[in-house]
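These are my notebook entries on a structure that I went through entry by entry. I wrote down what I looked up and how each term was defined.

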Amino acid sequence: MADIIQLLPDHVANQIAAGEVVQRPASVVKELLENSIDAGSDTIKLIIKDAGKTLIQVIDNGKGMTATDARLSFERHATSKIRSAEDLFSLNTKGFRGEALASIAAIAHVELKTKQEQEELGTRIEIEGSTIKNQDVTVTPKGTSLSVKNLFFNIPARRNFLKSNNVELRHIIDEFHRVALAHPDIVFVMYHNGSESFNLPKSNYRQRVVNIFGGKTNEKLVPVEEETEVLKISGFVGKPEFAKRTKNEQFFFVNNRFIKSAYLNHAINSAYEGLVKDGSYPSYFLNLTVDPKTIDINIHPTKTEIKFDDEHTLYAILRSSVKHSLGQFNIAPVLDFDRDKNLDTPYDYKNKNAPTPTVEVDRTFNPFQEEKTTSKSGHHSSPYRKESATQWESLYVGLESKGTKTERSFSEIEFESEPENASLFSEDKSVETSQTTYQLHNKYIISTIKSGMMILDQHRAHQRILYEGFLKHLTVKEAVSQQLLFPLALEFSQTEMELLVQLKEDLEHTGFVFSSFDNTTIEITGVPINVPESEVSIILEQLISDVEQEVPDSNFSATDLLAKSMSKSLAIKTGQSLTKIEQEHLVNSLFACKEPSVSPTNRVTFITMSVDDFDKKFM
Ligand code: ADP
Ligand code: MG
């Protein structure tokens, strides 16, 4: 029988290898930036067009390559970084596999220009799909410029698989952040479609974090420093009250390399135990330095996972140093999650206006007439007030909650919000008031129905109600906003701002009013009618996080996402106790919805059990 095994031609092997190294434009960005760092550059520029689909270019001022090296660099397993397997255990470069350039050149149009300092002229090489198209001598500054155009031009399936520009750009920026955070001593500049997205000067670590994540970050950082025999930790963790709805600000670097480690992440979370609410994630920017011999970074081709020899020890040290820092900066006592529920505004008052005080004048009163009555307690009652005590009190009915409530109502009166929208739940108050409801474990509302009983999840049900309300406002575009007494300024990072800009118009349709929308700050002068001012930043953060996680493919609708996200943020939570009236409103409003049976995220909102079901159970 004939032999059937063949050696794959190089370009095929390279294409296959490329699949592992290059998943998306961001992978190219990572490899190129890392090569520039390994080349000893102190200024690195990243130029992106169309989220990397058209162009990814990295220009550095590192040591450059000779003409021979330039040619060789595109060969598979061509690396200047290790010579023997031994070297793997004392690695201090980012790359070592010698695969990146070969892989990239197999699936894109690549142009390399490079020159070493002492040379007059440099080398220019053009490659398309592993084939060298051109090599010549060129005038170019010291360092290397590598352009990658038309990524996946020869693998249409991969190209089609790429996500929207938003998503791909998000991945690129993530990689850029990771590399830039690990090297504050290097200048990084990034351009996207001709405009500068980041310009990070050489700085200390704290400044680098602030330059990337925005000015507001500075006040929330708590330094962590620890040095033991096996591990050195330096960096910052975020104060618990600034914990975010997203995991975007969680960074571990091991020996200057970004890594992901669920185990170490757990160590941090456990240091924050009791300090952050569920669903919030503390920020951290931590550099761990360990002996390279005690780690194995070789276990994953894209090298973000890592194996430590002694994970348990690292866990313990990390946890206790973070705890120590949080304690030292007196962070724990500031928080009070155990606030008294009774002080909160009752749920059904939230949407009500305070009654406007009325002054009643006794027109028959004549000061010269002899007084007919004296007060029972013996002293004179004020002639200007009739039945003072009872009337006075009646003015405050509905306001017997804490101070903030009074302020809110005041601002509503001041700006005359429309009562129609103010009370989501009071519309059909009259309907079925005889129905009985019962709240179970502050989570479910049980209500009797003709056939038996209905159990409703309060959080999901309220989400559905709010969601339909927001959708209506968004589509009809006539939401009413409630003006804030003082404008609210909120700061966001550049990436967050990019998303917010896209959502601005929709946010306005829900009732937000923005007075300014600049680089990293937005100023809000009005909010949707049901939104308490204190919730605004949480809502926007949640929204950003939801948009980031959503994969904006064909059926992506900003309107829908916004309505979903806001209803998620604002819906009454599990654990909240509701009065009878609130419970009934919830039930009635749910059934006034177009689609009462599922939450906006398609979860069941209620179940029913018939008397028959019960009968069966009692057999
Ligand atoms: P690795 O980084 O794993 O060695 P690469 O394929 O990324 O493999 O790069 C191959 C070789 O090309 C590197 O070892 C290095 O010698 C050279 N090289 C790549 N990029 C640059 C650069 N920006 N400046 C100087 N040399 C570079
Ligand atoms: Mg490399």
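Are E249 and K244 buried or exposed? I found that E249 is buried and that K244 is buried too, where buried means under 20% relative accessible area, exposed means over 50%, and partly exposed lies in between, with a 1.4 Å probe and protein chains only.

Before going further I noted the conditions: this is a predicted model, in which local features need pLDDT of at least 70 and side-chain atom pairs count only at pLDDT 80 or more, while totals for chains, interfaces and linings use all residues. Residues are numbered from 1 along each chain as its sequence is written, chains are lettered from A and ligands numbered from 1 in the order in which they are written, and side-chain values use heavy atoms, with hydrogens and water left out.

**Entry on salt bridges**

I took a salt bridge to be a side-chain nitrogen of Lys or Arg within 4 Å of a carboxyl oxygen of Asp or Glu. Side chains of opposite charge can pair when their charged atoms come close. Searching the whole structure, I recorded 15 salt bridges.

I looked at E249 in detail. The side chains of E249 and K244 meet in a salt bridge at 3.7 Å, N to O. E249 also forms a salt bridge with K220, and here the closest N and O atoms are 3.2 Å apart. This second pair links distant parts of the chain, since E249 sits in the loop between β10 (232-238) and β11 (250-254), whereas K220 sits in the loop between α7 (205-213) and β9 (221-227), 29 residues apart. K220 is buried, as is E249.

I then turned to K504 and E508, which form a salt bridge with their closest N and O atoms 3.5 Å apart. Both residues lie in helix α14 (residues 494-510), 4 residues apart, about one turn of the helix. K504 has a relative accessible area of 27%, so I listed K504 as partly exposed, and E508, at 31%, is partly exposed as well. Salt bridges that share partners join K216, K220, K244, E249 and E496 into one network.

**Entry on helix pairs**

Two packed helices are described by the angle between their axes and the distance between the axes. I used axes that are lines fitted to C-alpha atoms, for helices over the stretch in contact, with angles running from 0 to 180 degrees between N-to-C directions.

The axes of helix α8 (residues 262-271) and helix α9 (residues 311-328) come within 8 Å and cross at roughly 30°. That makes α8 roughly parallel to α9, because angles under 35 degrees count as roughly parallel, over 145 as roughly antiparallel, 65 to 115 as roughly perpendicular and the rest as oblique. I noted this crossing as right-handed, which means that the near helix is turned clockwise from the far one by less than a right angle, anticlockwise being left-handed.

**Entry on backbone and chain contacts**

Which residue has a positive phi of about 50° although it is not a glycine? I found that this is N255, in the loop between β11 and β12 (257-259), and N255 is partly exposed at 26% relative accessible area. N256 also has a positive phi, near 65°, and is a residue other than glycine; N256 lies in the loop between β11 and β12 and is partly exposed at 39%.

I placed F176 in helix α6 (residues 165-182), where F176 is buried with a relative accessible area of 0%. The C-alpha atoms of F176 and K30 are separated by 7.3 Å, although these residues are 146 residues apart along the chain. G98, in the loop between α3 (67-72) and α4 (100-106), counts as buried at 17%, and its C-alpha atom is 7.8 Å from that of E75, 23 residues apart along the chain.

Conventions: Helices (H or I, at least four residues) and strands (E, at least two) are DSSP runs, numbered from the N terminus.
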